[in-house]
Amino acid sequence: MPSPHRHATVDACVDALIAHVGRDLRVGVPLGLGKPVALVNALYARAKAQPDLKLTLLTALSLARPAPGNPVERAFLQPFLDRVFSDAPELDYVRDRANGSMPANVSVREFFFQPGSQLGNADAQQDYISTNYTFAARDVYLQGCNVCAQMVGVEDGADGPRYSLSCNPDTGPELVRMLRAAEARGERKVAVVAQVNPQLPFMRHDAEVAAETFDHVIDHPRYHHALFPTPKMAVSEADHAIGLHASALLKDGGTLQIGIGQLGDAIVHSAIARHRDNPHYRQAVSAFGIDRRYPDLIEHDGGLAAFSRGLYGATEMFVDGFLHLMDAGILTREVYDFWALQQLVNQGDCDPARLTPAVLDGLERLGVRVIRGHDFSRLQHHGLFNDATRYDSGELIAPDGQRIRANVADPDARAAMAAHCLGTRLRNGVVLHGGFFLGPNAFYTALREMPESQRQRIAMTGVDKVNQLDANPRLYVAQRVHARFINTAMMITLGGAAVSDGLEDGRVVSGVGGQYNFVAMAHQLPGGRSVLMVRAVRDSGGKAVSNIVFHYGHCTIPRHLRDIVITEYGIADLRAKTDSEVAKALIEIADSRFQASLLQQAQAAGKIEAGWTIPEACRDNTPQALAARMAPLKAQGLFPDYPFGHDFTDIELALSRALPVVKAEAARTPKWKLLWRALRAGRPDARWQPHLARMQLQHASSLQDKVVAALLSETLSRQA
């Protein structure tokens, strides 16, 4: 492969791409963090200036900073956003798409939206591509993609710079293989582009690629900008309750997949409490009655004890919670890239810390016969064979030069391997396979500063490997023992179907992503379980609405794949249950304000017998009862609002808690009463002057500002 063309500016690269593939640019860029924003913006600017240039962007999860609404929100958020997002660039097409000013010669086609961001955008809804994550590369290719572009990390190598796909080896390599094959067949002209940013952590394994992977490389300090962060959000009491229930379903020695956000943080927090502070963890479990209500499920599929064997992560999204699990000594179960070796470790027939000849006997027992060259390379990489042993044409060459048939089925050859070629211990195990990562700034810093030996235990790879079994079923089944794939849904129907990505009027909220992949895989894997978390209620215009519904006109996960559902009020184990049992179990974990209506609908449809009543223990599923259970536990520090830190200053943290209260109070109070309170308020407490100054309210002059300042001071005093 020839060396890539190197460019100091994105505009020069745009010129080269047009010369390379023509004026119909169909550009595939990664979801989330790995977008080469400067290049994408340059392509978009060129298309806006030249209407005869056709630009199609094929991507997902186009990230955008939060947009402050009213002046109060702007006063609070803008300094925070400027500090936290620093010089991380924004996508110009996101702004234009939002205000309807995108030119006709540009199309943005996504298979996953930033949740809720495109509900009111007809162009985005019409150009949405519904697909499973494992099919994303295929579908981008079928859309006519002729350019694959990505932001990459870099490090100096002996033969020049080496590059890492870092945060996004999820679909790019698979897409590049398709493009190169089409190019070789003469079917389309293609280009592969890297935009270098040393801020990206250099991840190895499948993420590390040679310079020759790319046709064009953009590298200049002007593009070495900050990475786009996702700041931490407060974890609510309901989220902590869901996470506590989910943590009791984690099997020691098992496998974990979780997603981003408050629910993921809640699971990780409770898992760490289970491991580090087991007495208080069990106190919380008992306070919620989890141990009394689900003893058989916990014994068979979970546990309450600390993690002695540890967990392994197999997840499309590598979130910072996994780093916290590593630091806590939980994410420690190493897996190896050879199916039979992994099986022996699982069975306890291979001690990774001390290899004996029995491991070769075990390989023979499992049916391993002739060791081929690539098998030898993997086994030597993992330390089964010592570094001085070589492979040549079906034979092992021992350190003393002896040639041994590479056939463990031959007793003599096996004995010679044990005597001369066997390593001392396994090595290069991996504790996490991930497809892409995204998170707060502290997460990126931790990955950059992580010792190389630790970073090597994290393997970023493609979703064609992480999200399914097809690529190597024997290996992945052996690695993913006791898998718990934990995802979030918006609603659950009484039939057990999950609504996670869209509304019944057809509008897309987010996307299917990999959720279906993991749910289906949980049913394929021996001991695997799919866990869908859903908050029992949501607020809609100041009114509580149930997320457990009788039926809904959209479905993400069909009811025949129902498994485990968790709300803040409990666990519903739906696998292999009848429709009646499923409906009852879901009603039992619904908010009590809606249980009677749900029961009435199910009985009217003949799905629950007329005489069934809701168990007494499930009739107090209310926010008030939840708060009462939480109060003594929170007083002990068990369930903090930000279990893994935040980006606020102390003043901002206080404001973040007070402002929602102020907003709610202002919405429900007549304006004349608000004005009267403001006029009577007098001078605010001196304690809150810095807070008012942060909100630019220290010299409030307008009536509106005086009202906000008065309400804010009152709220801060109450919360102090």
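Predicted model: local features only at pLDDT ≥ 70, side-chain atom pairs only at ≥ 80, totals over all residues.
View 1. Strand E13 (residues 395-397) runs antiparallel to E14, and three bridges join them; two strands count as paired if DSSP finds at least two bridges between them. The whole open sheet has three strands in the order E12-E13-E14, with antiparallel pairing. At its edges are strand E12 (390-392) and strand E14 (403-405), each pairing on one side only. From one strand to the next, the twist averages 35°. Helix H17 (residues 411-420) packs on this sheet and touches E13 and E14, where contact means heavy atoms within 4.5 Å. The direction of H17 makes about 135° with that of E14; axes are lines fitted to C-alpha atoms, for helices over the stretch in contact, and angles run from 0 to 180 degrees between N-to-C directions.

Residues are numbered from 1 along each chain as its sequence is written, and side-chain values use heavy atoms, leaving out hydrogens and water. Local features need pLDDT of at least 70 and side-chain atom pairs pLDDT 80 or more, while totals for chains, interfaces and linings use all residues.

**View 2. An open sheet of eight strands.** Here the order is E16-E15-E11-E10-E17-E20-E24-E25, and the pairing is mixed. Strand E16 (458-460) and strand E25 (570-573) are the edges; each has a single partner strand, so one side of each has no neighbour in the sheet. The twist averages 20° between one strand and the next.

**View 3. A closer look at E15 and E16.** Strand E15 (residues 432-437) pairs with E16 in the parallel sense, over three bridges. Look for Gly434, whose bridge partner in E16 is Met460. Lying across E15, E16 and strand E11 (312-318) is helix H18 (residues 441-449), which runs at about 130° to E15.

**View 4. Who lines the second largest pocket?** Its lining has 22 residues, with His205, Asp206, Asp337, His433 and Lys465 nearest the centre. A pocket is an open set of points on a 1 Å grid over the protein atoms alone, where a 1.4 Å probe fits, with protein on both sides within 12 Å along at least five of seven lines; lining residues have an atom within 4 Å of a point. Helix H16 (373-381), helix H20 (463-466) and helix H21 (473-479) each give two or more residues to the lining, and H21 gives the most, with three.

Technical notes: Helix = DSSP H or I, 4+ residues; strand = E, 2+ residues; numbered from the N terminus.
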